[in-house]
Amino acid sequence: MSKEIKKSEIPEKESSWPIPSRLGPSFALTGKLQGSGDLIIQGKFNGNINLGQHDLIVERGGKVKADIQGRNITIDGEVEGNIHASGKVFISQKGKMMGDIQAPKVSIMDGAQFKGSVKMTEAASSPGVGIGEGS
């Protein structure tokens, strides 16, 4: 016995879960990229990327030549440039990275190709956490 599902019963996607922007595999872009959302790169990008407190994923087949600033950076493709992350940098087994990384957390999987240096920084504290004035 199957129950028919009415459209009104299907919950809509919450606005707090925005769809990430995507640079598809057939695109090549050069310039300065700045945004207030997550980004997935499957194509090619040359320039500078600043995502503030948002995430970047360079998928397999994606090639990026850029200095990157963001929260969490995942590399499954190729990146050439320096990374400054406020969260975590993850390089997968198939990922290739040439450049320096500055982040509180860095994970480089066995088999990944990495040439550069890593500087571990302290994670930014949450508001209201840490040493306050007068303590």
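Author: Contact means heavy atoms within 4.5 Å. Leaving aside its neighbours within four places in sequence, Ser107 is in contact with Lys88, Val89, Phe90 and Ile91. The model is predicted: local features need pLDDT of at least 70, side-chain atom pairs count only at pLDDT 80 or more, and totals for chains, interfaces and linings use all residues. Residues are numbered from 1 along each chain as its sequence is written, and side-chain values use heavy atoms, with hydrogens and water left out.

Reader: Why is Ser107 called buried?

Author: Buried means under 20% relative accessible area, exposed over 50%, and partly exposed in between (1.4 Å probe, protein chains only). Ser107 has a relative accessible area of 18%, so Ser107 is buried.

Reader: In which strand is Ser107 found?

Author: Ser107 lies in β13, residues 105-108. Strands (E, at least two residues) and helices (H or I, at least four) are DSSP runs, numbered from the N terminus.

Reader: What makes a set of residues a nonpolar core, and which members touch the most others in the largest one?

Author: A nonpolar core is a set of buried Ala, Val, Leu, Ile, Met, Phe, Trp, Tyr and Cys residues joined through side-chain atoms within 4.5 Å. The largest has 22 residues, of which Ile49, Leu56, Val64, Ile68 and Ile83 touch the most other members. β6 gives the most to this core, with three residues. Ile49 is in contact with residues including Leu56, Val64 and Ile68, its neighbours within four places in sequence being left aside.

Reader: How do the side chains along β6 divide between its faces?

Author: They alternate: Val64, Ala66, Ile68 and Gly70 point to one face and are buried.

Reader: What makes β4 and β6 a pair?

Author: Two strands pair if DSSP finds at least two bridges between them. β4 and β6 have seven bridges, in the parallel sense, and Ile49 stands opposite Ile68 in β6. Three bridges also join β6 to β8, which run parallel; there Lys63 stands opposite Glu78. With β9, β6 pairs in the parallel sense over three bridges, and Gln69 has His84 as its bridge partner.

Reader: How many residues in the lining of the largest pocket are nonpolar, polar and charged?

Author: Five are nonpolar, one is polar and six are charged. Ala, Val, Leu, Ile, Met, Phe, Trp, Tyr, Cys and Pro count as nonpolar, Asp, Glu, Lys and Arg as charged, and the others, Gly among them, as polar. On a 1 Å grid over the protein atoms alone, a pocket is an open set of points where a 1.4 Å probe fits, with protein on both sides within 12 Å along at least five of seven lines; lining residues have an atom within 4 Å of a point. The lining includes Lys63, Glu78, Met97 and Phe114.
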